[in-house]
Amino acid sequence: MRIHVLTLFPEVFAPFVETSIVGRAVEAGIVSFGFTQLREYTEDKHRSVDDRPFAGGAGMVLTCGPVFRAVEDISARCGPGLTRILLTPQGERLSQPLVWELSRQDELLLICGHYEGFDERIRTGLGVREVSIGDYVVSGGESAAVVLIDAVVRLLPGALGDAASVEEESHEGGLLEYPQYTRPRVFRGMEVPEVLISGDHAKIEAWRRAQAIERTQARRPDLLADDGPVVE
Ligand code: ADE
């Protein structure tokens, strides 16, 4: 997979894409990145990318010109399967099914905004898919892009050593993950559940499934609503 990022702050991505699972995926050739500075597509001497909103209102708005020119230039250098994503709190909420869908694309272009918002024509005129990382506002699309990149890259074949570890995580199959324990068996009087030491694999599997369902019911009943998993 190739991931392009259009941003005013390309430097914030370097430590992230060089570290841990994403860093190893880059080294293994599973994913590659291209970062583009939006200001390179400005045409005035101040290299401005934003302007005051028509009819007034708070803050500045990202202008169309640099974003359109940059997106068109990047797209011309990409294959036809490029998926353009605009990070915005108004977008479709990022979920594990959406992350899986994005992980199956060959090429992504993540467009990060800053300032108070975008000119509406950036949303409507560029064929973008709008994605939000949650119902809160961060100062720019960069932190949202980092979240999206992390979630997507770890699903790429080979990115995690152990494929089974993806399937059993929270939000896979619509449930939160069951509780996990490691040594010691007793820590400050808190014991590891007996079943996990029993060696009875069927019993362990049943316990884990029951715990996952119980935990999901207690913490995130919304996940068990109509379109959630089938709970026996
Ligand atoms: N930019 C600002 N807030 C955001 C959010 N919640 N998701 C994606 N992009 C954003």
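Colleague: What does Ile3 touch, not counting residues up to four places away in sequence?
Modeller: Ile3 touches Val31, Ser32, Phe33, Gly34, Leu108, Leu110, Ile149 and Val153. Contact here means heavy atoms within 4.5 Å. Bear in mind that this is a predicted model, where local features need pLDDT of at least 70 and side-chain atom pairs count only at pLDDT 80 or more, while totals for chains, interfaces and linings use all residues. Residues are numbered from 1 along each chain as its sequence is written, and side-chain values use heavy atoms, with hydrogens and water left out.

Colleague: Why is Leu110 called buried?
Modeller: Buried means under 20% relative accessible area, exposed means over 50%, and partly exposed is in between (1.4 Å probe, protein chains only). Leu110 has 0% relative accessibility, so it counts as buried. Leu110 is found in strand β6; strands are DSSP runs of E, at least two residues, helices are runs of H or I, at least four, and both are numbered from the N terminus.

Colleague: And what makes a nonpolar core?
Modeller: Buried Ala, Val, Leu, Ile, Met, Phe, Trp, Tyr and Cys residues, joined through side-chain atoms within 4.5 Å. The largest one has 34 residues, and Ile3, Leu110, Leu148, Ile149 and Val153 touch the most other members. Helix α6 gives the largest share of this core, seven residues.

Colleague: What makes Glu43 and Arg69 a salt bridge?
Modeller: The term needs a side-chain nitrogen of Lys or Arg within 4 Å of a carboxyl oxygen of Asp or Glu. For Glu43 and Arg69 the N to O value is 3.4 Å, so the pair qualifies. Glu43 sits in the loop between β2 and β3, Arg69 in helix α3, 26 residues apart.

Colleague: Is Glu43 buried or exposed, and how do you know?
Modeller: Exposed, because its relative accessible area is 65%. Arg69, at 30%, falls in between and is partly exposed.

Colleague: Why is Asp119 called buried when its relative accessible area is 18%?
Modeller: Because 18% is under the cut-off, Asp119 counts as buried. The side chain of Asp119 also meets Arg121 in a salt bridge, 2.6 Å from N to O.

Colleague: How do you know that Arg77 is exposed?
Modeller: Arg77 has 55% relative accessibility, so it passes the mark for exposed. Arg77 forms a salt bridge with Asp73, with the closest N and O atoms 3.4 Å apart.

Colleague: How many salt bridges does a search of the whole structure find?
Modeller: Ten. Separately, Glu92, Glu101 and Arg129 are linked in a network of salt bridges.
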